[in-house]
Amino acid sequence: MGHTLRPGTPLPRCLHLKLCLLLALAGLHFSSGISQVTKSVKEMAALSCDYNISIDELARMRIYWQKDQQMVLSIISGQVEVWPEYKNRTFPDIINNLSLMILALRLSDKGTYTCVVQKNENGSFRREHLTSVTLSIRADFPVPSITDIGHPAPNVKRIRCSASGGFPEPRLAWMEDGEELNAVNTTVDQDLDTELYSVSSELDFNVTNNHSIVCLIKYGELSVSQIFPWSKPKQEPPVDQLPFWVIIPVSGALVLTAVVLYCLACRHVARWKRTRRNEETVGTERLSPIYLGSAQSSG
């Protein structure tokens with residue numbers, strides 16, 4: 001009679017080579033090649049068992065998915081069981097070649113997955129199909145970001161380059177004209193849960209020169225980079241160094257402005273004086289003299 005695998009129980013390794021020969025001789029369907037699937041962290045992976053089955057056949061079948069000899073998922077008598085590490089993010093796609101669907105991929109999900117299909121014949125379960133899929137997980141660093149973090153000294157600017165969420169362990173370098181620059185405060189951290197890395201580094205440079213600085217992050221055989229261009233600030237020349245053709249018009253404009261302001265002030269003062277004289281004249285006219293005639297006596 002057949003048996004039911006318990007969580008954490010690996011399939012016997014010795015069955016693999018023997019059953020390959022037996023199934024081949026019996027003419028049963030068997031996939032000897034191992035397919036490859038490459039995905040990125042947090043994506044979804046669909047690992048095909050490469051075996052078609054109808055819903056009605058599930059009652060007579062046993063399907064097991066395991067990774068590196070550890071159980072992942074089983075379907076027995078139509079009942080699906082998922083092992084703890086894959087709970088809430090793994091399920092079977094029965095109508096799509098019994099595929100194993102894994103959501104929110106982690107680096108720890110990489111490895112070789114094996115699909116085993118057993119069929120009940122005359123009260124006994126025997127292996128009907130076996131195939132393996134190797135899952136590779138990529139964790140690419142994004143294009144790094146470069147930020148301005150101030151001036152540690154006069155004419156010196158400090159910038160920071162950082163990126164996170166990649167694997168394997170990165171190396172960050174500052175480059176200019178093909179030469180590596182001296183960085184400060186370079187740190188590399190790894191998240192213990194996701195195994196992903198974060199990297200950060202700072203660089204000081206002189207602001208009185210033009211620059212084209214590259215922040216380069218290498219991880220494994222891959223790399224990402226970002227360019228930070230810098231143009232020295234333009235300085236206004238002192239007044240005594242202004243060209244002659246600039247000084248003449250500016251001086252003329254200043255003199256003309258002074259003359260106009262003086263004329264306006266004179267007109268204002270003259271107008272004010274006229275107004276005062278008019279007011280005084282009007283006041284004088286109003287005060288007309290009073291003549292008192294001599295009294296006439298009556299006869």
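What is the handedness of the disulfide of C49 and C115, and why? The torsion about the S-S bond of C49 and C115 is about -80°, so this disulfide is left-handed. The structure is a predicted model, in which local features need pLDDT of at least 70 and side-chain atom pairs count only at pLDDT 80 or more, while totals for chains, interfaces and linings use all residues. Residues are numbered from 1 along each chain as its sequence is written, and side-chain values use heavy atoms, with hydrogens and water left out.

**Disulfides**

- A disulfide is a covalent bond between the sulfur atoms of two cysteines.
- Two disulfides are counted, the criterion being a pair of cysteine sulfur atoms within 2.5 Å.
- Strands here are DSSP runs (E, at least two residues), as helices are (H or I, at least four), and they are numbered from the N terminus.
- C49 counts as buried at 0% relative accessibility, and C115 counts as buried at 0% as well. Buried means under 20% relative accessible area, exposed means over 50%, and partly exposed lies in between (1.4 Å probe, protein chains only).
- C161 and C215 form a disulfide, with their sulfur atoms 1.9 Å apart.
- This pair links distant parts of the chain, with C161 in strand β11 and C215 in strand β16 (residues 211–219), 54 residues apart.
- The torsion about the S-S bond of C161 and C215 is about -80°, so this disulfide is left-handed.
- C161 is buried, with a relative accessible area of 0%, and C215 is buried with a value of 0%.
- When the bonded cysteines of the protein chain are numbered in sequence order, the pairing is 1-2, 3-4.

**Nonpolar cores**

- The largest nonpolar core has 30 residues, of which L47, W65 and Y113 touch the most other members. Such a core is a set of buried Ala, Val, Leu, Ile, Met, Phe, Trp, Tyr and Cys residues joined through side-chain atoms within 4.5 Å.
- The elements that give two or more residues to this core are β2 (45–47), β3 (61–67), β4 (70–76), β7 (99–102), β8 and β9 (124–138).
- A second, separate core of 18 residues includes I159, W174, F205 and V224.

- T114 is placed in strand β8 (residues 111–121), and T114 counts as buried at 13% relative accessibility.
- Leaving aside neighbours within four places in sequence, T114 is in contact (heavy atoms within 4.5 Å) with Y64, W65, Q66, L130, T131 and S132.
- The side chains of T114 and S132 make a polar contact of 3.1 Å. A polar contact is a pair of N or O atoms within 3.5 Å; within protein, one must be able to donate a hydrogen and the other to accept it, and residues adjacent in sequence count only if both atoms are side-chain atoms.

**An open sheet**

- Four strands form an open sheet in the order β10-β11-β15-β14, and their pairing is antiparallel. Two strands pair if DSSP finds at least two bridges between them.
- β10 (145–148) and β14 (184–190) stand at the edges, each with a single partner strand, so one side of each has no neighbour in the sheet.
- Strands β11 (residues 156–166) and β15 (residues 197–206) pair in the antiparallel sense over 10 bridges.
- The bridge partner of K157 in β15 is F205.
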